[in-house]
Amino acid sequence: LSLYCLVLSLALGALAAGLAGSRVAAVRRAVQGFVQLFRNTPPLVQLYFFYFALGPVLPRVDGLPLLGSFGWAVVSLTLLETAFAAEIFRAGIEAVPKSMVEAAASLGYSRWQIYRRVILPLALRVTMPAMTNNLVNLVKTTTLAYAIAVPELLYMSAQIWSEQVNVPEMMI
């Protein structure tokens with residue numbers, strides 16, 4: 001669950017950070033609204049909303065739900081972590097000195113070349129500590145998937161605990 005959410009949130013977060021710097025005001029506002037919504041609502045509320053509110057509304061395929069509990073956990077936690085990753089990437093991009101961008105432009109680099117060869121390498125260096133914290137937060141947050149019966153470590157520990165009464169082993 002953590003691996004899926006990490007890969008998806010990094011890709012979507014980079015895309016959102018790029019869109020946050022768009023010249024179109026409506027796109028910037030949409031990204032800002034997305035980030036504010038997902039960063040400022042509790043992860044458990046988001047998980048319940050996707051699983052219990054959106055899950056029953058979506059069409060069924062051969063009588064089965066389109067997404068199960070694991071799928072909704074991936075969607076919910078990916079969107080949550082995407083909001084954090086987008087802010088981290090945006091901050092990293094803004095941390096690149098303007099003089100570096102101007103120097104690259106004076107050398108004749110196109111906007112895409114400046115972004116790819118100057119801004120991204122410097123921004124990634126700045127964002128690494130915050131991204132590491134984001135990864136740790138993601139791993140800790142995945143335990144909330146227990147609330148919608150995703151069979152992760154906490155869920156399996158509770159199952160073994162209730163079936164075999166191995167309390168000390170499960171607590172360790």
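**Salt bridges**

I looked up salt bridges first, taking one as a side-chain nitrogen of Lys or Arg within 4 Å of a carboxyl oxygen of Asp or Glu. By this rule I have 3 salt bridges. The model is a predicted one, in which local features need pLDDT of at least 70, side-chain atom pairs count only at pLDDT 80 or more, and totals for chains, interfaces and linings use all residues. Residues are numbered from 1 along each chain as its sequence is written, and side-chain values use heavy atoms, with hydrogens and water left out.

Which residue does arginine 39 pair with? I find glutamate 87, with the closest N and O atoms 3.8 Å apart. This pair links distant parts of the chain, 48 residues apart: arginine 39 is in helix α2 (residues 25-39) and glutamate 87 in helix α4 (residues 69-95). For helices I use DSSP runs of H or I with at least four residues, numbered from the N terminus.

Glutamate 87 also forms a salt bridge with arginine 90, and here the closest N and O atoms are 2.9 Å apart. The two are 3 residues apart in helix α4, so about one helical turn separates them.

Arginine 90 in turn meets glutamate 94 in a salt bridge, at 2.9 Å from N to O. Both lie in helix α4, 4 residues apart, again about one turn of the helix. Through shared partners, the salt bridges join Arg39, Glu87, Arg90 and Glu94 into one network.

**Accessibility of the network**

I checked how far these side chains are covered, with buried meaning under 20% relative accessible area, exposed over 50%, and partly exposed in between (1.4 Å probe, protein chains only). Arginine 39 is partly exposed because its relative accessibility is 35%. Glutamate 87, with 21%, is partly exposed, and arginine 90, with 25%, is partly exposed too.

**Nonpolar cores**

Next I looked for nonpolar cores, meaning sets of buried Ala, Val, Leu, Ile, Met, Phe, Trp, Tyr and Cys residues joined through side-chain atoms within 4.5 Å. The largest has 9 residues: Phe38, Leu47, Phe50, Trp72, Ala73, Ala83, Ala145, Ile148 and Val150. Helices α3 (43-54) and α4 each supply at least two residues of this core, and α4 gives the most, with 3 residues. Apart from this core lies another, of 6 residues, among them Val96, Ala104, Val118 and Ala123.

**Leucine 47 and serine 76**

I took contact to mean heavy atoms within 4.5 Å. What does leucine 47 touch, leaving aside neighbours within four places in sequence? I list Trp72, Ala73, Ser76, Leu144, Ala145 and Ile148.

Serine 76 lies in helix α4. Is serine 76 buried or exposed? Its relative accessibility is 0%, so serine 76 counts as buried. Not counting residues up to four places away in sequence, serine 76 touches Pro43, Gln46, Leu47 and Phe50.

**Surface patch**

Last I looked up the nonpolar patch (nonpolar side chains of Val, Leu, Ile, Met, Phe, Trp or Tyr joined within 5 Å, each residue with over 30% relative accessible area and no salt bridge). Tyr4, Leu8, Leu12, Leu15, Leu19 and Phe70 form it, with about 550 Å² of accessible area together, by the Shrake-Rupley method with a 1.4 Å probe. Helix α1 (residues 2-20) gives the most to the patch, with 5 residues. Leucine 15 lies in that helix, α1, and is exposed, with a relative accessible area of 52%.

Methods. Patches are made of residues with over 30% relative accessible area and no salt bridge: like charges are joined within 9 Å, nonpolar side chains (Val, Leu, Ile, Met, Phe, Trp, Tyr) within 5 Å.
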